[in-house]
Amino acid sequence: MAIPQTKMELRPMGNTGLKVSAVGFGASPLGSVFGPVAEDDAIATVREAFRLGINFFDTSPYYGATLSEKMLGKALKALQVPRSDYIVATKCGRYEEGFDFSAERVRKSIDESLERLQLDYVDILHCHDIEFGSLDQIVSETIPALQKLKQEGKARFIGITGLPLDIFTYVLDRVPPGTVDVILSYCHYGVNDSALLGLLPYLKSKGVGVISASPLAMGLLTEQGPPEWHPASPELKSACKAAVAHCKSKGKKITKLALQYSLANKEISSVLVGMSSVLQVEENVAAVTELEGLGIDKETLSEVEAILEPVKNLTWPSGIHQN
């Protein structure tokens, strides 16, 4: 039975021709990385996301040690809609057992991912957290291997992901134009850190689509607070906690404010948010709808920005290290 989709803003992804939902579905929580998620709940969550106009789903073999891909695969199959109705990104190079950006592992990785996702191809295949490997290997070995997979039709487009912003310019300056289609940056376009802003004109000049993940700074901007392993400094954690408390005292949700802040920049193709329940999906979509209608709560935003000003763009040196 066809699922009637409601309208959500679709944005162009660089020069790919893809039109992705302004909010993207981050599927890492489906791998039970933030707490257990039952299969039925995963399927219901993806179904509701699709029904409400989300067409972009992002995963990785690293999330939940391949569980995220398996769950997303089952959920997408359960939609029973044409493959062209949704856009899927997965990753290669980072696994539960460690990092491997070799051409041989990339080739093996996509076949394993496609089997778990129950798909013939992915729309985007990213090199995952490239700062943990050799950037020269990424340029000379990994990306050429991805290009072959593109020619074979296993991946339509190629991306790179990571935390430090200089990794993107390093790689893009060393590959022919049009080689890398998309970048995925995380924790650098939110109310506490908007460092990605300085890179957007460069990325646009390269025709590269921009995905910004984790507008909630991996839990810093949530009422429950960040997980224990969060690499932020005590100073940054403390300021974010104060911002959360301020919003709560006004009866406002910092999660909604933070998501709307990230969504307001149309230069970003999609803002990825991790979701594992129907309620989360509905709240995230409501935040988009409200932003389009009423706009952002400017008063609360300026108060939150004042609280976070001393730690603005204060980051940690690298991505999430393995436990």
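In this predicted model, Lys-74 forms a salt bridge with Glu-39, in which the closest N and O atoms are 3.1 Å apart. Lys-74 belongs to helix H2 and Glu-39 to helix H1 (residues 39-51), so the pair ties together parts that are 35 residues apart in sequence.

**Salt bridges**

- Lys-250 is partly exposed, with a relative accessible area of 28%, and Glu-303 counts as partly exposed at 26% relative accessibility.
- Salt bridges that share partners join Glu-97, Arg-105, Lys-108 and Glu-112 into one network.
- Within helix H3 (residues 103-117), Glu-112 and Lys-108 lie 4 residues apart, about one turn of the helix, and their side chains meet in a salt bridge at 3.4 Å, N to O.
- Glu-112 is partly exposed at 22% relative accessibility, and Lys-108 is partly exposed at 48%.

**Helix packing and a buried position**

- H7 and H10 pack at an angle of about 155 degrees with their axes 9 Å apart, and the two helices are therefore roughly antiparallel to each other.
- The crossing of H7 and H10 is right-handed.
- Leu-259, in helix H8 (residues 254-263), is buried, with a relative accessible area of 2%; Leu-259 and Val-271 are 12 residues apart in sequence and 8.1 Å apart in space, C-alpha to C-alpha.

**Backbone with positive phi**

- Gln-80, in the loop between helix H2 (67-79) and strand E5 (87-92), has a positive phi of about 55 degrees although it is not a glycine, and Gln-80 counts as exposed at 64% relative accessibility.
- Asn-313, in the segment after helix H10 (298-308), has a positive phi of about 60 degrees and is likewise not a glycine; Asn-313 counts as partly exposed at 36% relative accessibility.

**Nonpolar surface**

- Val-33, Phe-34 and Trp-229 make a nonpolar surface patch of about 310 Å².
- Trp-229 lies in the loop between strand E11 (209-213) and helix H7 (234-249) and is partly exposed, with a relative accessible area of 38%.

How values were computed
Residues numbered from 1 in each chain as written. Predicted model: local features only at pLDDT ≥ 70, side-chain atom pairs only at ≥ 80, totals over all residues. Heavy atoms only, no water. Patch = residues over 30% accessible without salt bridge, like charges linked within 9 Å, V, L, I, M, F, W, Y side chains within 5 Å. Areas by Shrake-Rupley, 256 points an atom, 1.4 Å probe, with all protein chains shown as cover. Salt bridge = Lys/Arg side-chain N within 4 Å of Asp/Glu carboxyl O. Buried < 20%, exposed > 50% of the residue type's maximum accessible area, 1.4 Å probe, protein only. Axes fitted to C-alpha atoms, helices over the stretch in contact; angles between N-to-C directions. Parallel < 35°, antiparallel > 145°, perpendicular 65-115°, else oblique. Left-handed = near helix turned anticlockwise from the far one by under 90°.
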